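Subject: Handing over a structure, with notes

Dear colleague,

I am passing this structure on to you, and the notes after it are meant for someone who has not looked at it before. Please open it first and keep it beside you while you read.

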Amino acid sequence: MKAIFTLVGAPLERRLGVPYRQIVTASLAGLITGVAIYLFPLACGSGKDGMMPTRALSHADKITVLELFGLALAKVVAYWACAHGGLVGGIFYPLLYFGLTLGEICAKVFHIHYVVAEPVMIGATPGALLPAPITALAFPVCMFVTGPTQTVPILTAIVIANAILVGSGFLEKVMSKKQS
């Protein structure tokens, strides 16, 4: 995604200056986000607004696994377009929403009860990327008001996700390849 904005933005900035690059890249980000939201309306917003409707539709079997996958992909594409296009927003709520959709997918595909799958994935997704992964435990525990028996799988998933992505050095290798 960043390559698209670099290919468009760099020549514009050289020829017309920074303001024109900002206008064009922000417009391109808006276009990409708009298409993603048109195709998957629940991907609109930060992610916080769509969490409860997504859960309700999934629990009522009104949304399929394929639609949940498309929704998760649309949220990722919309976030990255906004981030690289210069639009405002953070990564925390999109990660939580992505985790929720992955939790719903896991619940449906692997026949895991959603009471287990949702909090585990909501914690593990940001926990894989955050520099302080244990802080990712707070949101699912508070959101779902879990007890000790439900908190242990969430914590385990966070630690494993962080160990795989950050602790293994995989994320650092990916980031170093992008910088060179």
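Of the 180 residues in the protein, 36% are buried, where buried means under 20% relative accessible area, exposed means over 50% and partly exposed lies in between, with a 1.4 Å probe and protein chains only. Please keep in mind that this is a predicted model, in which local features need pLDDT of at least 70 and side-chain atom pairs count only at pLDDT 80 or more, while totals for chains, interfaces and linings use all residues. Residues are numbered from 1 along each chain as its sequence is written, and side-chain values use heavy atoms, with hydrogens and water left out.

The overall picture

The protein has 9 helices and 0 strands, these being DSSP runs numbered from the N terminus, with helices taken as H or I of at least four residues and strands as E of at least two. Read from the N terminus, the order of elements is α-α-α-α-α-α-α-α-α. The C-alpha trace spans about 60 × 40 × 25 Å along its principal axes. If one takes the contacts (heavy atoms within 4.5 Å) between residues at least 6 apart in sequence, 63% of them join residues at least 24 apart.

Two helix pairs

Helix α1 (residues 2-16) packs with helix α2 (residues 18-39) at an angle of about 155°, and their axes are 7 Å apart; the axes are lines fitted to C-alpha atoms, for helices over the stretch in contact, and the angles run from 0 to 180 degrees between N-to-C directions. The angle makes α1 roughly antiparallel to α2, since angles under 35 degrees count as roughly parallel, over 145 as roughly antiparallel, 65 to 115 as roughly perpendicular and the rest as oblique. The contact brings residues of α1, including I4, F5, V8 and L12, against residues of α2, including V24, L28 and I32. By class, the residues of this contact are 11 nonpolar, 2 polar and 2 charged, where Ala, Val, Leu, Ile, Met, Phe, Trp, Tyr, Cys and Pro count as nonpolar, Asp, Glu, Lys and Arg as charged, and the others, Gly among them, as polar.

In the other pair, the axes of helix α6 (residues 114-129) and helix α8 (residues 148-167) come within 8 Å and cross at roughly 30°, which makes α6 roughly parallel to α8. On the α6 side the contact includes P119, V120, A124 and A128, and on the α8 side it includes P153, A157, I158 and A161. The residues of the contact of α6 with α8 comprise 12 nonpolar, 3 polar and no charged.

The nonpolar cores

A nonpolar core is here a set of buried Ala, Val, Leu, Ile, Met, Phe, Trp, Tyr and Cys residues joined through side-chain atoms within 4.5 Å. The largest such core has 13 residues, of which M51, L71, Y97, L100 and I122 touch the most other members. Helices α4 (65-85) and α5 (92-109) each supply at least two residues of this core. A second, separate core holds 10 residues, among them A128, A157, I158 and A161. In soluble globular proteins, nonpolar side chains tend to be buried together.

Y97 is in contact with L42, G47, G50, M51, T54, L71 and K75, once its neighbours within four places in sequence are left aside. M143, which is found in helix α7, touches M51 and I122 when residues up to four places away in sequence are not counted. M143 counts as partly exposed, because its relative accessibility is 26%.

Residues in the loops

Two residues lie in the loop between α3 and α4 and may be worth a look. I63 has its place there and is buried, as its relative accessible area is 9%; leaving aside neighbours within four places in sequence, I63 is in contact with L42, L57, S58, L68, L71 and K108. D61 is in that loop too, but is exposed, with a relative accessible area of 61%, and has a positive phi of about 55° although it is not a glycine.

V145, in the loop between α7 (138-144) and α8, also has a positive phi, near 45°, in a residue other than glycine. V145 counts as exposed, at 69% relative accessibility.

With best wishes
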